[in-house]
Amino acid sequence: MASALILIDLMPRIIALPLAPHSGEDVLARCRALAEGFRAAGRPVVLVRVDRPGVTEQPPGSGFADGLVREGDVVVVKRTVGAFYGTGLDERLRALGVDTLVMAGLVTTMGVESTARAASDHGYELEFVADAMSGLAADEHEFAVRRTFPRFGEVRSTADYR
């Protein structure tokens, strides 16, 4: 079983939102630690960010958080909520021999959940790092983590990846 870490929308303009139950900065720190562990183990790290379609210039803070992307990472720019549609992500993951995706990032019920649902449709096994993601509201995040995500895969914490 080959796993890849999928980090969703770790962009300054999203990190700065009033997120709950974890702050954007806390999620970023946990995602950085997860990425370092995956890289050290020789496992792929996939960084996904969104570009708003139909605009000539993206809003400030639309790039990745400083220092997040490293040489050898897979970078995906999406134009929809999820990371699979129109991005070639599935083909890139298959070429790397990946069959399991470890999901983290922002926002739990948007980019993370949408990407996870599409990943399941593509036949990937899923793991969710509950404390390395956060929502626009704590109750939305908690519902996804406790009720929705267990239907698609395993819910874990960053401590499980140390």
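Which helix does Glu113 lie in?

1. Glu113 belongs to helix 4, which covers residues 108-121. Please keep in mind throughout that this is a predicted model. With a relative accessible area of 13%, Glu113 falls under the 20% cut-off and therefore counts as buried. Once residues up to four places away in sequence are set aside, Glu113 touches Thr108, Ala144, Thr148 and Phe149. Phe149 turns up again in point 5, as a member of a nonpolar core.

2. Now for the overall layout. The chain has five helices and six strands, and their order along the sequence is β-α-α-β-β-α-β-α-β-α-β. A compact globule of 162 residues would have a radius of gyration near 15 Å, and the 14 Å found for the chain agrees with that. The C-alpha trace spans about 40 × 30 × 30 Å along its principal axes. Among contacts with a separation of 6 or more, 78% join residues 24 or more positions apart.

3. Of the 162 residues, 48% count as buried. The accessible surface comes to about 7800 Å², and carbon and sulfur atoms hold 50% of it.

4. What does the largest nonpolar core look like, and which residues have the most contacts inside it? This core has 26 residues, and Leu7, Leu10 and Leu106 are the ones with the most contacts inside it. At least two residues each come from strand 1 (3-8), helix 1 (12-15), helix 2 (24-40), strand 2 (45-50), strand 4 (100-106) and strand 5 (125-134). Helix 2 gives the most, with six residues. In soluble globular proteins, nonpolar side chains tend to be buried together.

5. There is also a second, separate core of 25 residues, which includes Ala4, Ile6, Leu89 and Phe149.

6. Leaving out neighbours within four places in sequence, its contacts are Ile8, Asp9, Leu10, Ile14, Ile15, Leu19, Gly24, Val27, Val112 and Ser134. Leu106 is also joined to Val107 by a cis peptide bond, with omega about -5°. Val107 sits in the loop between strand 4 and helix 4.

7. Where is the cis peptide bond to Pro21? It joins Ala20 and Pro21, with omega about 10°, and Pro21 lies in the loop between helix 1 and helix 2. Asp9, one of the contacts of Leu106, has a positive phi of about 50° although it is not a glycine. Asp9 is in the loop between strand 1 and helix 1, and its relative accessible area of 6% makes it buried. As background, most residues other than glycine have a negative phi, and most peptide bonds are trans. I would be glad to hear your view of these backbone features.

8. Finally, is Pro12 buried or partly exposed? Pro12, in helix 1, is partly exposed, with a relative accessible area of 39%. Apart from neighbours within four places in sequence, Pro12 is in contact with Gly61, Gly63, Phe64 and Ala65. Pro12 and Ser114 are 102 residues apart in sequence, and their C-alpha atoms are 20 Å apart in space.

Note on methods
Residues are numbered from 1 along each chain as its sequence is written. This is a predicted model: local features need pLDDT of at least 70, side-chain atom pairs count only at pLDDT 80 or more; totals for chains, interfaces and linings use all residues. Side-chain values use heavy atoms; hydrogens and water are left out. A nonpolar core is a set of buried Ala, Val, Leu, Ile, Met, Phe, Trp, Tyr and Cys residues joined through side-chain atoms within 4.5 Å. Buried means under 20% relative accessible area, exposed over 50%, partly exposed in between (1.4 Å probe, protein chains only). Helices (H or I, at least four residues) and strands (E, at least two) are DSSP runs, numbered from the N terminus. Contact means heavy atoms within 4.5 Å. The radius of gyration is taken over C-alpha atoms; the globule rule is 2.2 Å times the number of residues to the power 0.38. Accessible areas come from the Shrake-Rupley method with a 1.4 Å probe; for residues, only the protein chains shown count as cover.
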